[in-house]
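Try each one yourself before you read the solution.

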Amino acid sequence: MTTPVATKLLTALETDARTTAHQSKTLIIDALSGHIVAPEPPPRDGKSYLDRLRGSGVDVINITLAAHSDSFEKTLNMMYHYFNLMSATPDSTMQIETVEDIRTAHREGKIGIIFGSQTGTLVERDISRWTLLHKLGLRVCQITYNERNDLGDGCMEPENRGLTSYGRQAVQEMNRLGIVVDLSHVGERTALDATEYSTKPVIYSHSNAKALTPSRRNLTDEQMRAVAATGGVVGISSFSMMTYRELGERPTLEDYLNHIDYAVGLLGVDHVGIGSDIFESYTELSWTSSTKRMYPMPYDYETKVAKGFMYVSELPNVIRGLVTRGYSDTDMEKILGGNWLRVFKEVWQS
């Protein structure tokens with residue numbers, strides 16, 4: 001499949017009209033978004049993070065409860081913070097546990113919050129905790145976060161070993177319960193094993209094409225095709241180290257859109273989505289002391305995300321970019337949220 005080509009040159013008014021229409025009417029799901037609380041990002045332009053999130057057009061976000069080697073106890077603590085948020089802001093936020101919840105959030109103009117994890121360490125060595133976490137609302141979970149854990153290897157592990165026996169049990173439990181298996185940050189061999197072992201669609205919530213940006217965090221064509229073969233989706237991230245055209249140069253919105261085009265050309269439009277990976281809660285200190293150490297790279301706090309899609313309020317730039325690149329309204333509805341909805345419906349069985 002080739003990437004889309006505009007059939008005519010749209011006027012600025014036509015582009016703005018289509019952008020606004022999608023922003024206000026289309027179901028938009030960000031499969032990996034930043035924290036709303038604990039910590040809460042600072043206000044910008046006189047607006048709170050939650051207000052800017054709502055104003056962007058996004059309806060549903062997958063938030064991170066745990067990452068790295070975070071424990072079961074820490075995960076519960078993060079859930080507690082979000083339960084408090086949703087209790088305090090019932091008119092603007094709600095928890096997402098079913099596909100019908102997604103439709104409700106879209107219809108009522110609320111931010112729907114999916115509980116997700118970027119690591120499988122949250123169950124530690126107790127397989128029964130998958131059931132407990134699912135009951136509390138966990139709906140998406142990665143196998144690993146860069147490093148090795150009991151389930152398999154992360155993408156930064158040089159040995160690139162495969163899914164462990166315990167990892168296979170975890171995939172089986174997630175399939176049984178209705179938790180989406182997420183393979184972002186996962187090592188290539190472990191990811192391919194999990195893709196083959198899963199009986200339900202699997203996803204890369206926030207990962208880009210290695211063919212365009214040769215980062216260890218990105219995906220080979222084989223990985224991308226394997227996920228699409230399960231019915232899954234690849235969410236495209238605006239993180240600089242995964243989007244750059246030339247290492248050291250800050251990527252632009254056009255570079256980000258190039259990754260969408262590439263994924264659509266390789267997999268078809270039914271298997272591509274948005275997974276921004278925008279965490280506005282980072283401070284310069286936390287970026288320098290933790291994140292930058294994990295990813296040796298020539299990007300600082302100010303250039304860590306592609307220019308033009310650095311803040312949640314800049315999501316309309318992505319919508320406008322899809323319009324100008326010739327995507328049809330139907331294809332945009334799939335990329336902006338419809339593809340994620342399809343996967344959630346199949347895995348969550350709701």
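**Exercise 1.** Work out whether Pro39 is buried, partly exposed or exposed in this predicted model.

*Solution.* Start with the number: the relative accessible area of Pro39 is 43%. Buried means under 20% and exposed means over 50%. With its 43%, Pro39 therefore counts as partly exposed. Next, find where Pro39 sits: look in the loop between strand 1 (29–30) and helix 2. Finally, check the distance to Tyr282: the two residues are 243 apart along the chain, but their C-alpha atoms are separated by 8.7 Å.

**Exercise 2.** Find out how far helix 12 (residues 315–324) is enclosed by the rest of the structure.

*Solution.* Count first: 7 of the 10 residues of helix 12 are buried, so the helix is largely enclosed. Now name them: Leu315, Pro316, Val318, Ile319, Gly321, Leu322 and Val323. Then see what these buried residues pack against: helix 1 (12–25), helix 2 (49–56), helix 10 (253–267), strand 9 (272–274) and helix 13 (329–348). One last stop comes just after helix 12, where Gly326 has a positive phi of about 95°.

**Exercise 3.** How many cavities of 30 Å³ or more does the whole structure hold, and which residues are closest to the centre of the largest cavity?

*Solution.* A search of the whole structure turns up 1 such cavity. The volume of the largest cavity is about 90 Å³. Its lining has 13 residues, and those closest to the centre are Asp30, Val58, Phe309, Val312 and Leu315. Sort the lining by type and you get 9 nonpolar, 3 polar and 1 charged.

Key:
Residues numbered from 1 in each chain as written. Predicted model: local features only at pLDDT ≥ 70, side-chain atom pairs only at ≥ 80, totals over all residues. Heavy atoms only, no water. 1 Å grid on protein atoms, 1.4 Å probe; cavity = no way out; pocket = protein on both sides within 12 Å on 5 of 7 lines; lining within 4 Å. Points joined across faces, edges and corners; volume = space filled by probe spheres on them. Nonpolar A, V, L, I, M, F, W, Y, C, P; charged D, E, K, R; others polar. Buried < 20%, exposed > 50% of the residue type's maximum accessible area, 1.4 Å probe, protein only. Helix = DSSP H or I, 4+ residues; strand = E, 2+ residues; numbered from the N terminus. Contact = heavy atoms within 4.5 Å.
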